[in-house]
Amino acid sequence: LISQEGALIMDLTLDYGRTGLPVSLPDDANITVLHPAYVPALPDPAAALRDALRGPIGSAPLRERVAAEDTVAIVFSDITRPTPNHLLIPAILAELPHVPPENIVLCNALGTHRFNTRAELIEMLGEAIVDGYRIEQNDCFDPSTQVYLGTSSHGHEIWINRVYMEASVKILTGFIEPHYFAGFSGGGKAVMPGMAGQMTVLGNHDAGMIADPRATWGVAQGNPIFEEAREVALSTDPAFLLNVTLNRDKQITGVFAGDLVAAHDAGIAFVRDKSMVPVDAPFDIVITTNSGYPLDQNLYQCGKGMSAAEQVVRPGGAVIIAAECSDGLPDHGLFGQMVKAARTPQELFDSVMQASETRQDQWAAQIQARIQLKADVYLYSDYLDDAATTAALLIPCHDIAATVEALRGRYGRDARICVLPEGPQTVPYVRAPVVAG
């Protein structure tokens with residue numbers, strides 16, 4: 001392709017909002033584009049879900065796990081996740097024809113997020129399910145809705161949603177992807193943070209846990225955040241897990257159902273093989289996203305995309321993140337307050353590390369500040385203006401190609417540039433050097 005100026009250009013589309021963001025970069029630039037291994041969608045996802053529920057890993061079929069007189073809690077992800085709830089929940093309900101609808105509650109695993117609107121619930125589940133079943137939206141901030149289960153092996157109090165705990169059969173759903181501090185999503189995260197009280201979430205996400213070097217992408221064993229989430233989930237005696245994996249088109253590529261540990265571990269192995277991408281050396285500039293809608297609804301969520309870039313940007317380099325942020329910083333939660341109260345990334349980082357108590361959303365502020373202490377971070381967003389971007393300590397970017405050209409002026413025309421069009425769906429890492437024997 002030729003630009004109006006006659007120079008060769010490279011056309012890319014970044015995952016951004018619902019429609020994507022076209023970007024044209026100079027063809028003479030030293031650009032590496034990284035994607036996860038593309039996995040085609042399962043040809044018949046409904047059949048794959050049914051087969052997994054009837055032939056699960058390490059468990060009897062779902063239908064055999066639930067008696068007609070049981071009360072059932074089915075946990076589902078909230079609007080900030082691309083989990084195909086409209087497929088997962090009907091598949092589960094289809095296996096429970098012997099259970100009266102009034103004995104089933106659908107639990108929205110909000111963690112510390114806001115309640116979802118009726119329109120959002122319908123978008124996720126469909127109107128027939130929203131109108132036909134009771135829905136419990138977890139309110140982590142109301143202790144009266146929680147029960148105490150003791151303390152975890154890390155010394156954190158375990159408070160879990162009362163309605164979920166009162167069910168005689170608990171079914172967890174979700175999708176599995178690498179996670180920037182929990183190692184991998186899915187599995188026990190449906191319960192912690194999904195259905196947990198604020199005190200439990202704050203304990204799991206405190207500054208010391210987040211600062212542990214094992215609390216990072218693709219690490220499960222030895223990751224204190226991953227291990228405590230699984231421990232808390234197991235303490236609630238879940239009967240069944242249904243997790244899926246997704247490709248860049250948000251289509252189902254794998255179904256992992258059955259025992260929480262066995263099924264989740266099988267899904268993790270599948271994801272690790274497809275999503276982790278090695279590179280030989282760090283880059284001067286990394287262009288990333290937060291995987292588009294629904295993951296890039298606000299800046300709080302965008303630490304994931306920044307963190308993916310952090311893995312391969314060199315100290316003193318630059319990260320450019322394209323994120324729509326239709327929900328702002330957001331206005332709810334404490335993340336926006338914390339970033340706006342600090343004058344510099346160092347001050348933000350220190351405010352978290354030196355605080356006498358853990359505050360909601362401080363983990364996102366801690367990680368953003370850590371990344372900014374390594375590299376400059378630019379934000380392209382159609383919803384956050386320059387004032388809001390600067391208040392969040394980021395550098396406004398109005399044109400990604402122009403910003404790249406300016407940075408090539410700083411780092412040199414041969415500056416190494418990495419593009420992560422799908423953001424944290426791709427988890428790059430610098431390959432360890434081979435040591436000569």
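## Cysteines

Buried means under 20% relative accessible area, exposed over 50% and partly exposed in between, with a 1.4 Å probe and protein chains only. Cys418 is buried at 0%. Cys397 is also buried, at 4%.

This is a predicted model, where local features need pLDDT of at least 70, side-chain atom pairs count only at pLDDT 80 or more, and totals for chains, interfaces and linings use all residues. Residues are numbered from 1 along each chain as its sequence is written, and side-chain values use heavy atoms, with hydrogens and water left out.

The structure holds 0 disulfides (cysteine sulfur pairs within 2.5 Å). Cys397 is in none; its nearest cysteine sulfur, in Cys325, is 13 Å away. Cys418 has its closest cysteine sulfur in Cys397, at 16 Å, which is too far for a bond.

## Helix 9 and helix 10

Helices here are DSSP runs of H or I, at least four residues, numbered from the N terminus. The axes of helix 9 (residues 224-235) and helix 10 (residues 260-275) come within 11 Å and cross at roughly 150°. Those axes are lines fitted to C-alpha atoms over the stretch in contact, with angles from 0 to 180 degrees between N-to-C directions.

Contact means heavy atoms within 4.5 Å. Helix 9 contributes Phe226, Arg230, Ala233 and Leu234. Helix 10 contributes Leu260, Val261, His264, Asp265 and Ile268.

A disulfide is a covalent bond between the sulfur atoms of two cysteines.

Methods:
Helices (H or I, at least four residues) and strands (E, at least two) are DSSP runs, numbered from the N terminus.
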